[in-house]
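Here is a friendly briefing to read beside the model.

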Amino acid sequence: MLRPFLWVHDRLTDLGFQLGKLCLAIILVSYCYEVVARYLFNAPTWWADEAVSYSLCIGCFLMMPHVTREKGHVAVTFLLEMIPAEKAKPAHWVIYLIGFLVCAAATWINLDENIRQIVNDVHMMKVKPFPKYYISVFITFGFGMSALHYLRMLDYRKIKVTAASSGAYE
Amino acid sequence: MVWWAVLTVGLTLLLACFMSGMPIFVAFLLINLVGVLIILGQPGFGMVANSIFETTNFADLSAIPLFIMMGEILFRSGSIDILFDSVDKLVGKVKGRQYVLCIALSTIFGALSGAAMGVAAMMARTLLPGMLDRGYDAKMSTGAILAGASLAPIIPPSVLVIIIGTLANVSIAGMLIAGILPGLMLATMFLIYTLGRVRFNPSLAPEDAATSTVDVSLGEKLRAILRVMPFALIIFCVMGLILLGIATPSESAATGVVGSMITAAYYRKLNWKMISESLSSAAFIASMILVIMASSKMFSQLLAFTGSTRELTQVVAGLDLSAYLMLFIMMLIPFILCMFIDQIALMLVVIPIYQPLIKSLEFDPIWFWLLMLLNVTVGGMTPPFGYTIFAFKGATDRVSLQQIFSATWPFVAIFLLGMLVIAAFPPIATFLPGFL
């Protein structure tokens, strides 16, 4: 019954991953254009710095669900790795539960802030002002999708602990 | 609650969360959310959302993915192999030449890559098997590679410098340039140590009789120099443009990526698949780092809000300890903690506490944070927890973890000696930034 939702969740994560790469490409092109325009043509742009900061934020949180799914977040796991594999399984489950609760709380907090920004019509104080939630909504997306990945990891049967891993999930 | 209790409880809980094995960003968020709820109540949650937004909307931090991408392009395209072959030809006939080759390559890779892990893994895959096959000492070879790789975060470009400079509000350009002389000094110290050991114990480096690259003609050496010239373009795109005042550090990171693409194209190794993979890898690692930074920001704000950092500064100022003793204590704490917790996480905790202290002690910020950079860099190769060690071990199964652990200590000692020299002679760090 949950399969269609899981499929949509995975495809959204994949889409975020591809768009995250695009954001990095935008950062690269914007800065190179700015350097050339400023030093060769004496015509600095008004948009390069803004495009970079927005792309950094958007790209970071679009990529976050993929990092969570791939268990790519940095963790200090050497104590966890000392525990025998079977005993480590409950510990991993608790960590995923905390991950879910914390990301869910962060989603709620950021969603609340998004709504406040929409209601109060909060704008970015930049050269070209525009609604702040255009950017901040991606933070909510990143944490929300990551919370769902942690929720999916709570399936105890699917937690696979190996000697070298910190709780691989299949 | 009194300030010292807030500080002690906050730091203890945070370290306990780190050690539990939960992701660092989860640990920071958990402590911050609980802290905000207790200290500020529910209305304070808006500050958490804003701290995340402000941290990731900071253009200077874009240098992190760009520096990573620069290294990724060079490693994935195989352009590095050409550098490898050329430097191999240039090293010439010396006793223990593989150690010399290892340190020379590490220093050059340091100027092309911003992270130690990539260099350590690459050297473990390419250089280590040859060293072991020639009968070179496994521990000495491992130590030389790990120490050499650890030069990458010190010699610009450097991801760690971007993080320290941003958090400590120090000139990133100044910090980047400040790493050049200490990086070269440490490379020289590694070289002296390894060649000294080989001189007193020749069994550490058997003769390279079977190596065809030992006797290289002058013409071949000149051709080797010409072949590596395109790499100078990358170094110019990063350091040259900063020193000439043409580009900011973030912009120079972007031009460095273009430089690495041009270099890969020159060697006919540029293709879309490789660019796409480099983008994926750089965006992935950058997201991982930025999410930690965004989640941690509120921690420093909470410390400031409770008055803990201000009170700590006043207490330390009242202790009337000598500046050098304070420096020793301030370096000892991260050195010990870095053995167990992640370098970035440690900096995120330590920098907001240290920032007011270095002002009150009137330390030169570039000098102090460069010493901190060396300190956390050495943390990457200090057992039992070190990213550089794990990246190295992940790339080879010919050396045991036990051997790696014992191999690193002499080089850790050299790093500490280097820090002592820089602490005693600050111009080593501050001379070049003076030209900016």
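Is B:D133 buried or exposed? At 57% relative accessibility, B:D133 counts as exposed, where exposed means over 50%, buried under 20% and partly exposed in between (1.4 Å probe, protein chains only). This is a predicted model, in which local features need pLDDT of at least 70, side-chain atom pairs count only at pLDDT 80 or more, and totals for chains, interfaces and linings use all residues. Residues are numbered from 1 along each chain as its sequence is written, chains are lettered from A and ligands numbered from 1 in the order in which they are written, and side-chain values use heavy atoms, with hydrogens and water left out.

**Chain B overall**
- The secondary structure of chain B comprises 21 helices and zero strands, taken as DSSP runs (helices H or I, at least four residues; strands E, at least two) numbered from the N terminus.
- Of the 436 residues in chain B, 62% are buried.
- The C-alpha trace of chain B spans about 75 × 50 × 45 Å along its principal axes.

**Salt bridges**
- Over all chains, the whole structure holds 14 salt bridges, each a side-chain nitrogen of Lys or Arg within 4 Å of a carboxyl oxygen of Asp or Glu.
- B:D133 meets B:R398 in one of them (2.9 Å, N to O).
- That pair links distant parts of the chain, 265 residues apart: B:D133 sits in helix α7 (residues 116–133) of chain B, and B:R398 in the loop between α19 (387–395) and α20 (401–424).
- A:R38 and B:E251 form another salt bridge through their side chains (2.5 Å, N to O).
- A:R38 belongs to helix α1 of chain A and B:E251 to helix α13 (residues 249–266) of chain B, so this pair joins two chains.
- B:E251 is buried, at 5% relative accessible area.
- A salt-bridge network links A:D10, A:R11, A:D14, A:R69, A:E70 and A:R152.

**Nonpolar core**
- The largest nonpolar core has 212 residues; such a core is a set of buried Ala, Val, Leu, Ile, Met, Phe, Trp, Tyr and Cys residues joined through side-chain atoms within 4.5 Å.
- Helix α14 (residues 272–305) of chain B gives the largest share of this core, 18 residues.
- Among the residues that touch the most other members are A:F61, A:F143 and B:F368.

**Nonpolar surface patch**
- A nonpolar patch on the surface includes B:V315, B:L321 and B:F340; patch residues have over 30% relative accessible area and no salt bridge, with nonpolar side chains (Val, Leu, Ile, Met, Phe, Trp, Tyr) joined within 5 Å and like charges within 9 Å.
- The largest share of the patch, six residues, comes from α16(B).
- B:L321 lies in the loop between α15 and α16 of chain B and is partly exposed at 35%.

Definitions and conventions. Accessible areas come from the Shrake-Rupley method with a 1.4 Å probe; for residues, only the protein chains shown count as cover.
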